[in-house]
Amino acid sequence: MEATDRAILRELAWDGRCSFTDLAERVGLSVSAVHQRVRRLEQRGALQGYTAKVDGDQIGLPLTAFISLTPIDPAAPDDYPQRLEHLPQIESCYSVAGDESYILQVRVESPLGLEELLRQIREAAKVSTRTTVVLSTPFENRPPAI
């Protein structure tokens, strides 16, 4: 990937709402050239979308936790993401190497909500869990070092 495309991705990673005019100024291209490059980056899949960052406290979901999943039966099919996709509290699901098979990032309204979610996860996926509750978040979702 060439340096100009990397610069565009870096700027958009920091500010996804940046206008084409501002983006063009920041990377030293014309507005039409930036627009074309952004469209190409989207088509290639290098730029996969634009999202809003939502404050969990403001929407009544102040508790963030990471839940590690370990299969109870190692011979069981590895279809945990499909078994759990119906649970909206799960924000991210990572397949990992190590003792666990997956790590989930979840947001819930309370410790009781977390307890209920753990019950639902164990029941749906037939796994054992290990939970880490987040106390504070100094930073989150930083853009990659492009």
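Which residue lies over the face of Phe139?

1. Arg142 lies over the face of Phe139, at 4.1 Å from the ring centre. A charge sits over a ring if NZ of Lys or CZ of Arg is within 6 Å of the ring centre and within 35 degrees of the ring normal.

2. This is a predicted model, in which local features need pLDDT of at least 70 and side-chain atom pairs count only at pLDDT 80 or more, while totals for chains, interfaces and linings use all residues. Residues are numbered from 1 along each chain as its sequence is written, and side-chain values use heavy atoms, with hydrogens and water left out.

3. Helix 2 (residues 20–27) packs with helix 3 (residues 31–44) at an angle of about 100°, the axes being 8 Å apart. Axes are lines fitted to C-alpha atoms, for helices over the stretch in contact, and angles run from 0 to 180 degrees between N-to-C directions. Helices (H or I, at least four residues) and strands (E, at least two) are DSSP runs, numbered from the N terminus.

4. In the contact (heavy atoms within 4.5 Å), Phe20, Thr21, Leu23, Ala24 and Val27 of helix 2 meet Val31, Val34, His35 and Val38 of helix 3.

5. Tyr80 belongs to helix 4 (residues 80–84) and Tyr102 to strand 3 (residues 102–108), 22 residues apart.
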